[in-house]
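Please look at the structure below and follow the text through it, one part after another. Keep the sequence at hand while reading.

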Amino acid sequence: MHTEATPTHCPYCALQCGMGLATAPGGVEVVERPAFPVNGGALCGKGRTAPAVLSSRVRLTGPLVRSHATGRLEPATWEEAVARVAEGLSRTRTEHGPDACGVFGGGGLTNEKAYALGKFARVALGTSQIDYNGRFCMSSAAAAGQRAFGLDRGLPFPLEDVPRASCVILVGSNLAETMPPALRYLTELKANGGKLIVVDPRRTRTAEQADLHLAPRPGTDLALALGLLHLVVAEGRTDEAFIEERTSGWEEARAAAMAHWPEYVERISGVPVPRLRDAVAMFCDAGTGMVLTARGPEQQSKGTDTVGAWINLCLATGNAGRPLSGYGCLTGQGNGQGGREHGQKADQLPGYRKLTDPAARAHVAGVWGVDPDSLPGPGRSAYELLDALGGDIKALLLMGSNPVVSAPRAAHVEERLRSLDFLAVADVVLSETAQLADVVLPVTQWAEETGTVTNLEGRVLLRRRAVSPPPGVRTDLEVLHGLAALLGHEKGFPTDPEEVFDELRRASAGGPADYSGISYARLRAGNGEGVFWPCPAEEEVAGRGADGGDGGGRPAVGGEVGVGGELGFGVGVGGELGVGGGHPGTPRLFLERFATEDGRARFVPVGHRAAAEEPDAEYPVLLTTGRVLAQYQSGAQTRRVDELNSAAPGPFVELHPRLAARLEVAEGEAVTVVSRRGRAVAPARITTAIRSDTVFMPFHWPGEGRANSLTNPALDPVSRMPEFKVCAVRLERAQRA
């Protein structure tokens, strides 16, 4: 006998697919939610098997504290564990100052947790040293979006617009494996007569769907985008009226692009000139066009400029700020969008406010009831924070992340974690990072708690509690409440997620990511489709100036009722009007103006530059990394699901037959991959679907097959994104027994 299914959302990627959860004698079962628009009921294997991680067999069910006598993690009471964490943080702060305490969050935390974690760091600890693993995911696209549009929201339009475009360029995304339910949008695109161009050095399952596949050398996406823009200009395909009316900076960006003539780009990228011309014709002959990027072009030491070059292509062709067109980022982590909006980034306050802005500091400090001058300034970015462990940073509180597997130069990061005076980890499972901790705090997971998440479209959704957690498990909000109380802050850290969200609404009000018009009541009363931000409260809308701004200098971006009414857009999309009244939310951004001071999108002149580490005689091959269908991120959860492990049991090295022949390696034989930072060993997977100068490894596993033992932490100067996607390696045939 099943209980009535509780409507909720998948715990994994940023699609946040709708699902229902029902309890039955055999455990928790997943029920389809076909009415939810993003996935229409479809789920990948990860979503379908997600309840397996709820099992006490694979998850943490009680606190663990490292014994001073044995050096091992041993069971402890909650009171003992929380006191040990508070003592470790307090002692560090007293002896070395507040910035000796670090906080590291995760892109899977709900909006409420991310908000509370940022507040805890800055108010309870007084530290500037907070960042999160989302820095490793979407930060370059976010930085480029801010530069060009004045605002970062992964997709400025709903996914439902994608199949209605005339042409889509998908750059560095294997969407068929990383978010399979979204593949239907590309299938519908082609069924509608639209064209799909895929840019990827591998012929992935996604690339197999393309009308045109461009396979550039890893690290050359920037040159490729500039070469396409050069051809757009040379062939007279620019939209001069759009450029004149809605952009600035074109002459400088045009001059930069014209330095990248097609033959030069072919030499750099390996993409033949005829294919470059085919891509330009396909994109420009279409009525409307979109460019969607993912980690391929973003996880580079020039990721911000690379994304900026693709944005320039959109702007030059008039494919932005118009229906069924634009640039978008396919955000990866479950709450990667919301997680980067509400304060767990090193340079940010809630509502996507800048920590260096005096007005932002005053507003948030007023909500928190503290002196604005007491708030610390910006701290280190994610990798820089991890690199400082054991040096300037003596103690670390880590929530929902597993950098031992997921960080670049992972062996070095593991060493830094081991060198800490004190490490506390709050997680669902005993991850590889949790195994190093002095205290491990078991926390609830998606189905055991209520909270909001924001998917890749900017759609704010309510995840509802469907089952009770084990008795020895607490929520992250309860953990932060208990720690804050022991650190002298008995008030200000509520445990009720709705109360936290109401405070988040006030803190975000008037900011770029304005949630003030969204409430739990509204999300509960609606049809489950969520509300798109920005969504200001009614009083904010009433107070907007005549220029469409909010009366406080923040430009409107198309969020008013009726904006986007063309082609059936606007009111009624996302279940807004009629759900509690008020502002309808903003499914589509920039249709009237961009979020810059003058309302114009900004071209940014960029030029090709080499990867931080190019092949040479000692390391002659390029390594790129990514995900596979049956695993997710560091694998901390999915590697505990039998069905998923059967489908993807371990790491591998994908290489071209010509490279395999030179090494005299056969399919399935062990290959050692060596970089300047470390080595990894995994079986060979030989395929013509990859370039002969490149190898690929998935990054989900620890141990000798850990791909991130090899990757390069060279940082993008703007986003501080490490260069996961390209480094120089050599391959060796592993010693046979």
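F590 is found in the loop that lies between α22 and β22 (601-602); helices (H or I, at least four residues) and strands (E, at least two) are DSSP runs, numbered from the N terminus. The model is a predicted one, in which local features need pLDDT of at least 70, side-chain atom pairs count only at pLDDT 80 or more, and totals for chains, interfaces and linings use all residues. Residues are numbered from 1 along each chain as its sequence is written, and side-chain values use heavy atoms, with hydrogens and water left out.

Although F590 is not a glycine, its phi is positive, at about 70 degrees. Its relative accessibility is 5%, so F590 counts as buried; buried means under 20% relative accessible area, exposed over 50%, and partly exposed in between (1.4 Å probe, protein chains only). F590 also belongs to an aromatic cluster, which it forms with F149 and F594.

A second residue other than glycine with a positive phi is R409, where the value is near 50 degrees. R409 sits in the loop between α17 (403-406) and α18 (410-418). With 32% relative accessibility, R409 counts as partly exposed.

Next come the aromatic rings. A pair of aromatic rings is described by the distance of the centres and the angle of the planes. Rings of Phe, Tyr and Trp (its six-membered ring) pair if their centres lie within 6.5 Å; planes under 30 degrees apart count as stacked, over 60 as edge-to-face and the rest as tilted. How many aromatic pairs does the structure hold? There are 12 aromatic pairs. In one of them, the ring centres of F136 and F724 are 5.4 Å apart and the planes stand at 70 degrees, so this pair is edge-to-face. The pair links distant parts of the chain, 588 residues apart: F136 is in the loop between β7 (130-132) and α4 (139-149), and F724 is in the loop between β29 (722-723) and β30 (727-733). F136 is buried, at a relative accessible area of 6%, and F724 counts as buried at 4% relative accessibility.

Another pair is made by F501 and Y515, whose ring centres are 6.4 Å apart with planes at 50 degrees, so the pair is tilted. F501 lies in helix α20 (residues 497-508) and Y515 in the loop between α20 and α21 (520-525), so the pair ties together parts that are 14 residues apart in sequence. F501 counts as buried at 0% relative accessibility, and Y515 is buried with a relative accessible area of 0%.

Helix α20 also packs with another helix. Its axis and that of helix α15 (residues 358-368) come within 9 Å and cross at roughly 155 degrees. Axes are lines fitted to C-alpha atoms, for helices over the stretch in contact, and angles run from 0 to 180 degrees between N-to-C directions. α15 is therefore roughly antiparallel to α20; angles under 35 degrees count as roughly parallel, over 145 as roughly antiparallel, 65 to 115 as roughly perpendicular and the rest as oblique. The contact (heavy atoms within 4.5 Å) is made by H363, V364, V367 and W368 of α15 and E503, R506 and A507 of α20.

Are helix α7 (residues 221-234) and helix α13 (residues 303-316) roughly parallel or roughly antiparallel? They pack at an angle of about 20 degrees, with axes 8 Å apart, and are therefore roughly parallel to each other. Residues in this contact include L222, L226 and L229 of α7, and T306, A309 and W310 of α13. T306 is buried, with a relative accessible area of 0%. Leaving aside neighbours within four places in sequence, T306 is in contact with D221, L222, P297 and Q300.

Two loops remain. V665 is in the loop between α24 (657-663) and β25 (670-674) and is buried, with a relative accessible area of 8%. Neighbours within four places in sequence aside, V665 is in contact with A660, V671, A684, I686 and R733. In the loop between β21 (531-532) and α22 (538-542) is P534. The peptide bond from W533 to P534 is cis, with omega near 0 degrees.
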